[in-house]
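Student: Could you take me through how to read a structural model, starting from the whole chain and ending at a single residue?

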Amino acid sequence: MKRFALPLFVAAFSGFCSAEQLTIDRIFSDPALSGTSPRALQYSPDGSRVTFLKGRKEDYNRYDLWEYRLKDGETRLLVDSDTLHSGEENLSDEEKARRERQRIFGSGIMEYSWSKDGKSLLFPLAGDVFYYPLKNGKPRRLTETEAFETDVRVSPRGRFVSFIRDQNIFVVDLNTGEERQLTADGKGPIKNGMAEFVAQEEMDRMTGYWWSPDEKRIAYLQVDESPVDEVTRSEIYADRIDMIKQRYPAAGRPNVTIKLGVLDLASGKTQWLDLGENEDIYIPRVQWARDNLLSYQWQNRSQNRLELRFVDIPSGKTRLGLAETSDTWVNLFHDLRFLKNSDRFIWASEKDGFKHLYLYDFNGKQLAQLTRGGWAIDELEALDEKAGKVYFSGRKDTPLERHLYVTDLDGSGNIDKISSRAGMHSIEFADDASGYIDTYSNPSTPAQVSLHSVDGKRVTWLQENKVEKGHPLYPYMSDWIEPEFGEIKAPEGHTLYYRMYKPAGFSENKGDPKKTYPTMVFLYGGPHAQLVTNSWDRPFNQYMAQQGYVVFTLDNRGSAHRGKKFEDPIFKKMGSVEVDDQVTGVKFLRTLPFIDPERIGVYGHSYGGYMALMTMFKAGDYFKAGISGAPVTDWGLYDTHYTERYMGNPNTVPEAYEASSVFPYAKDLKGPLLIYHGMADDNVLFTNTTRLIKQLQDNGQQFELMTYPGKKHSLRGKETRKHWYQMMKDFFDRTLKAPD
């Protein structure tokens, strides 16, 4: 067992003076405890300014559009959303679902895009489209309809604005103001230019159309949802029950059928491309390589084969660029980058066990491996062809931190680290790779946003967010608890990383060997997620530590940023090795003299809710109480793309699904269990919980249940979250805290 402290760049806590105690009510009140950190940061295409969305001090969920001008160092408000629309937004069902998939919540301006020439901005607001030319600074309303326009963008050369309305693609000519409908057959189960459910939720693809660089064509997907089972589910609100018919592709059931077409703007005709005889496929990515060369990524349903294909337009001739295969599954990435000055591209692959970057030519020949080693990159951040440099974020130094690195495009050079401060760096580069925006945090430093030259030198703060007098967090910092990070060697030989908050007053009790504390194990445990990082953490964990709990989190096998070998053990075995690793964590806790082994509880949401159930059902001797939020209880109820990637098809491996379900183990529940779920959840359907509570009732087992009318998977809303977290704190106080 190894414990270590990561360096933190914060003010000495002795300099803080505080009489205020952190409360749940304060965590979810205005102004935001972590400060007003901007989001959706972008460089303008000409590199002259940085734009961002910022929540208001009086309501951190209401967003306006701001800019920082590099020339004069001035930050100013560009668009006050209230001047265009105030009051409640009546979102369409499609937009509500889209925002849920994007994990964004709030009102006002929620997203925006730049024109390629850097002369204007575009954003949707309250269902209509607004165009903002920088020259006169007056927003121009492009649509005013009863319909809801989504997926709004400016064409590559700035002549058109495109959007989706009523399941079809539309454009507005900015010179004439003329609106033109490009597709007309989108209705019922047919959707043009839109991402299907699993593309949004599981592939991280929120669009279904792509402009060619010369803006003469639009490639788009046409989705036919008619094969997908139509599930009738109830969305239960406080004052009504809505019966919703939803096309939900559960594991083992039919998916949508999909067509890829190229629409010629001059003629208005669509050229449909040959995707092959197998229609049971996915198209996770589409990208133009050149004006007349389209690429798309083709994935078989089993997701153990991924192909990059090229299509010459207008001939329609298709050829294979490269293929990735795996004995388990092939992960999807966003790192395909076509070079402008030669027929080469950069591609990310895990073929050597870790995600690394490779250089290929257009014939699929590997020219160089750009990064290598027993660590993984996060993202390809920028490419400077002229200088021959590739910039990427990754975990070369430690899997607990994300840093920015640079290497040579030909693969011959060293890998140099650019970012310096220990912690997590999220990077947004200028188009010409001349500089970047760095959003940085560590456990005692909420997000700070700074502008840097390409060599890493800080040019200026965009939002220093320094925790000093006047900052919302300042009154609480004298009691702020820094977490401890460490490593555990599992019996199978792999290393597990953990984060642990020791409870308030702990240092004062070091001399008391009889003093022990309750523990809350907070977990997620699922793929494509990592909780143990040297970054700003959710305030609830801090709050629980200040309430006298040890708060412990461990990333088990299957979680992200440790390489494919660390992920693969969950293949067809969900709810197995993850539980083993979490038990290893609790065994480590039991070796610590200040831990009471009889007062260790577990809490998780979504996959974490599933893990909370599995640990309570399968390892009840280690976990004495549990909270399960919005849990999957039977993977046969979850969607195709996610579930079959890790579990296979239930029609061919039903035994794997049976073993991964919570139901065979429910009878072994020993300790107190609290289950909660949003009653309008369209991701992890409420059916998962109703089946479980029926099983527990049939077994004669007692449990606690909290349902949230009208709430979806993320349980959005300040008042809802106050109730949710107070409920959890009260539950653990009743079940884990020793009586006074």
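Tutor: We go from the overall fold to one aspartate and its surroundings. This is a predicted model, in which local features need pLDDT of at least 70 and side-chain atom pairs count only at pLDDT 80 or more, while totals for chains, interfaces and linings use all residues. Residues are numbered from 1 along each chain as its sequence is written, and side-chain values use heavy atoms, with hydrogens and water left out.

Student: How many helices and strands does the protein chain have?

Tutor: Helices (H or I, at least four residues) and strands (E, at least two) are DSSP runs, numbered from the N terminus; the protein chain has 11 helices and 45 strands.

Student: What share of the residues is buried?

Tutor: Buried means under 20% relative accessible area, with a 1.4 Å probe and protein chains only, and such residues make up 61% of the 740 in the protein chain.

Student: Is aspartate 151 buried or exposed, and where is it found?

Tutor: Aspartate 151 lies in strand β11, which covers residues 150-154, and it counts as buried because its relative accessibility is 10%.

Student: Which side chains make polar contacts with that of aspartate 151?

Tutor: A polar contact is a pair of N or O atoms within 3.5 Å; within protein, one must be able to donate a hydrogen and the other to accept it, and residues adjacent in sequence count only if both atoms are side-chain atoms. The side chain of aspartate 151 has such a contact with that of arginine 153 at 2.8 Å, and another with that of threonine 207 at 2.5 Å.

Note on methods:
Buried < 20%, exposed > 50% of the residue type's maximum accessible area, 1.4 Å probe, protein only.
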